[in-house]
Amino acid sequence: MSELSVKHLLGIKYINEKDIQLIFETADHFKEIINRPIKKVPSLRDITIANLFFENSTRTRLSFELAEKRLSADVVNFSAASSSVKKGETLIDTANNILAMKVDMIVMRHPNPGAGVFLSKHIDASIVNAGDGAHEHPTQALLDSYSIRERLGDVAGKKVVIVGDILHSRVALSNIYALKLQGAEVMVCGPKTLIPKYIGELGVTIETDLKKALQWCDVANMLRVQNERMDISYFPSTREYSQQYGVTKQLLTSLNKEIVIMHPGPINRGVEITSEVADSKQAIILDQVENGVAIRMAVMYLLASKIK
Amino acid sequence: MSRKVLLNGKEIDIILHRLACQLIENHDAFENTVLIGLQPRGVFVAERLKQILINDYGISDLKMGFLDITFFRDDFRRSDKTLEANKTTIDFVVEEKRVVFIDDVLYTGRSIRAALTAIQSFGRPLEVELLTLIDRRFSRHLPIQPNYRGRQVDAINKERVEVSWGENSAEDAVYLIN
């Protein structure tokens, strides 16, 4: 086994296919470990990790924290809502203050794209990007690909459609990079207002008809409409959006094949997918959550092994 | 680099049969005993012993698993390379079971220390024993000794003991490499 080509995980853009395979192989071992009666290993017992969340998160934060604790790392949590950021402290000052307490790794979510890259240039700790604005969310893309690999055997050659709010989605961008690296075919589908103008340059096809997209794909990754990032109206109403781009049981049964349904969460039931679909056997939404812990353990284990 | 044969295929086979008999002496029909091959190389010894116990001594109900100790090692971040993990396959709990660890070479004892911690993820064993094909004397870093040993070897630290198996090389043999 080799090692990661990077010191930080700032985005899928910065890693290569070998890194992805190494993370997956390592995650296989951690997945076995988190299904043991005792789900903990002592690997990172001398590593301290700070979770800096400048933006709200439930799932990702819990998943990272659980992964850190299962690796026996010491964990400190920080959320912007209850911190000195509100008092006017800069990002570097906040991070340096935390580093002065001898922290080895920082897991950061930030509303500004590029916050992780910026931080990595100024401080001496491994940085894991847990989402930076509408830019990247690398661990989500890794766990999505890992879940596809687990369900379908391989990612290469598979047809994956990402449906919904592509414009505001860091999950979409990281997924496109990750899927293309592994040799999958990628399509984006959604209302034209929510598809970035130059997305075609990333080598993806664009489709505005959901049924055609589902008919084409092996896997559909349904994204949430990110109302919190919308300062103008991108579609007439939620009702109309769900009629045009919501996946229903009827729509799935009208296809002549069975496709895999994914969702990074949180789900708006009845908007992008109905409850019936979300709870069906075709949906691997809870597998994604379980795999998230294994993937994050793998990422932090591999990055920590580069801290000397 | 010089290579000296410590044990040939026939000698290994005789030793494995003796070790199998010693196991039977202490564990009867293996009702409450589980064999755990330590990844990566202990697996070969464990597989051979299992075949001998089943085919030559008629032990029918033998539970065996493989334990990987990578994430429990004490040298994480101390070597340049990322430690390579192997697959753990233990599809039973070891609670109140008599566990026998099986490995090829006992050297510093650090792997066994890691294995003793790792096995506890699968329950609290009644007892743990250690079987090794080769026991390198005078090289222990920890107070760990085997319960069953194939052959004791005196080797100085820069020498290496290598066990090769017909499954992945030309023949069964144990070499001392200088």
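I began with chain B, where three strands form an open sheet of 3 strands in the order S1-S8-S7, paired antiparallel. Strands here are DSSP runs (E, at least two residues) and helices are runs of H or I, at least four residues, numbered from the N terminus; two strands pair if DSSP finds at least two bridges between them. S1 (3–7) and S7 (160–164) of chain B are the edge strands with a single partner each, so one side of each has no neighbour in the sheet.

The model is predicted, so I kept local features to pLDDT of at least 70 and side-chain atom pairs to 80 or more, while totals for chains, interfaces and linings use all residues. Residues count from 1 along each chain as written, chains are lettered from A and ligands numbered from 1 in written order, and side-chain values use heavy atoms, without hydrogens or water.

Next I checked S1(B) and S8 (173–177) of chain B, which pair over 4 bridges. B:Lys4 has B:Leu176 in S8(B) as its bridge partner.

Then I turned to pockets (open sets of points on a 1 Å grid over the protein atoms alone where a 1.4 Å probe fits, with protein on both sides within 12 Å along at least five of seven lines; lining residues have an atom within 4 Å of a point). Which residues lie nearest the centre of the largest pocket? I found B:Arg41, B:Arg73, B:Asp103, B:Val105 and B:Ser111, out of 28 lining residues. S4 (98–106), H3 (110–118) and S7 of chain B each give at least two residues to that lining.

My last entry is the second largest pocket, with 20 lining residues; A:Arg109, A:Arg170, A:Arg224, A:Gly265 and A:Pro266 are closest to its centre.
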